Amino acid sequence: MYDISNIKKKMLTRDNVIYLIKKYKTPIWVYNADIIIKQIKKLEKFDIIRFAQKSCSNIHILKLMKQYNIKIDAVSLGEIKRAILAGFQPNNNDIVFTSDILEEKVLQEVIQKKIPVNAGSIDMLKQIGKKSPGHPVWIRINPRFGNGHHIKTNTGGDTSKHGIWNPIKALSIINQYKLNLIGLHMHIGSGVNTENLYQVCESMKKNAIQLNQKIKFISAGGGLKIPYSSKDTETDLEDYFNKWNNTKKIISSTLKCPLKLEIEPGRFLVGQSGILISKVYAVKNMGKNTFVLINSGFNDLIRPTLYGSYHKITVIYNSIKNTKNTPIIKSIIAGPLCESGDVFTIKKTGIIFPRNLPKVKPGDYLIIHDTGAYGSSMSSNYNSRPFIPEVLYKNGKFKLIRRRQTIQEMLSLETSL
């Protein structure tokens, strides 16, 4: 019912890809709205789906989310502003601000707009309590364990900066400043194993009952996996929901208060919707290795360099002639940056890992798949390379949702003083 492979095929025809290349040049991000919608529907049993905006923060993507009653998790002042521009209302639970610190401008904004704060530190509670008694707050609890697809995506335990270690102490501050505790939140990492996620349910029950407060919400956090490779599987969502729903019922019954269950997906909603299209500019034989150099670097997609993440890569030939018997060779896909780590085919250990790909030449194109999450949103101007355009495929049509940044725009921050 929710298979997305056919949806991908509709967008990724050769004609469509060549059309995009001719119209917008390369490199370019492309998102499929139908995949995002399908992923949203997979989670519709949860009371509230709160999108982790940091994974893909384009305003047009946020507008699409709003059409399907998605709420927003914002982690910066910029993300709050993006959500409001997309039409989310700041004072009706559409937006929750999550962080471990409260900068002055953010504090002013959440107070003025009455945005609930998901506090990851005691100091945050003190700050907001002193200036806004009665403000709605969540406690982000560090359950004292964590997990993730990489050590850098672990958000629980004593090696993580996230969350509050002692919720009882947090509650004392909340009571001292007469803050309004509305929810409890736990998130132990991104891309975690199901077994670890289930431990969070037990921790949530224990902490909620120990705190013994009439809260309105509990959040299961995010971390739901998507299949980046053929060996990967999605989280068993039916089992996952049932476990969390049972947790909600136990807490609600024990505390004698109605509860809503939130889930906070990021990559799960958008990861598989995105691709990065790049052009091959050079093929180099370096001893036993063949390097295929494209015009996208880790300034565009940093996940492989940062985490050793796997992304499927396919070839689109500039010409469709004589491609039937193309040999398969071991290829290392790398970018244009003046940086040895600018490589897309790499293991989690940081070791270069060649891929078996059809032989290419300059002028051909590569598609890097499943880049909808933490692709564009983590990109930078490293090596003074401008941000690349984003395109949304919806209802069979392509729409530009972010134009290519010009070099002049990039330099204007320093020259227009």
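**Aromatic rings and enclosed spaces**

In this predicted model, Tyr382 is partly exposed, with a relative accessible area of 33%, whereas Phe298 is buried, because its relative accessible area of 13% falls under the limit of 20%. The model has six aromatic pairs, and in one of them Phe298 and Tyr382 are stacked, with 5.6 Å from centre to centre and 15° between the planes. This pair links distant parts of the chain, since Phe298 sits in the loop between strand S11 (289-294) and helix H12 (303-307), while Tyr382, 84 residues apart from it, sits in the loop between strand S15 (365-369) and strand S16 (390-394).

Another aromatic pair, Tyr393 and Phe398, is tilted, with 4.7 Å centre to centre and 45° between the planes. Both Tyr393 and Phe398 are buried, and together with Tyr19 they form one aromatic cluster.

The largest cavity has a volume of about 60 Å³, and its lining includes Lys8, Met11, Gln272, His369 and Asp370. Helix H1 (5-11) and strand S10 (274-286) each supply at least two residues of this lining, which divides by class into four nonpolar, five polar and two charged residues.

The second largest cavity holds about 50 Å³ of space, and among the residues that line it are Arg50, Asp73, Trp138, His185, Glu262 and Glu264. Its lining is made up of two nonpolar, four polar and four charged residues.

Note on methods: Residues are numbered from 1 along each chain as its sequence is written. This is a predicted model: local features need pLDDT of at least 70, side-chain atom pairs count only at pLDDT 80 or more; totals for chains, interfaces and linings use all residues. Side-chain values use heavy atoms; hydrogens and water are left out. Rings of Phe, Tyr and Trp (its six-membered ring) pair if their centres lie within 6.5 Å; planes under 30 degrees apart count as stacked, over 60 as edge-to-face and the rest as tilted. Helices (H or I, at least four residues) and strands (E, at least two) are DSSP runs, numbered from the N terminus. Buried means under 20% relative accessible area, exposed over 50%, partly exposed in between (1.4 Å probe, protein chains only). On a 1 Å grid over the protein atoms alone, a cavity is a set of points where a 1.4 Å probe fits but cannot get out, and a pocket is an open set with protein on both sides within 12 Å along at least five of seven lines; lining residues have an atom within 4 Å of a point. Grid points are joined across faces, edges and corners, and a volume is the space filled by probe spheres set on the points. Ala, Val, Leu, Ile, Met, Phe, Trp, Tyr, Cys and Pro count as nonpolar, Asp, Glu, Lys and Arg as charged, and the others, Gly among them, as polar.
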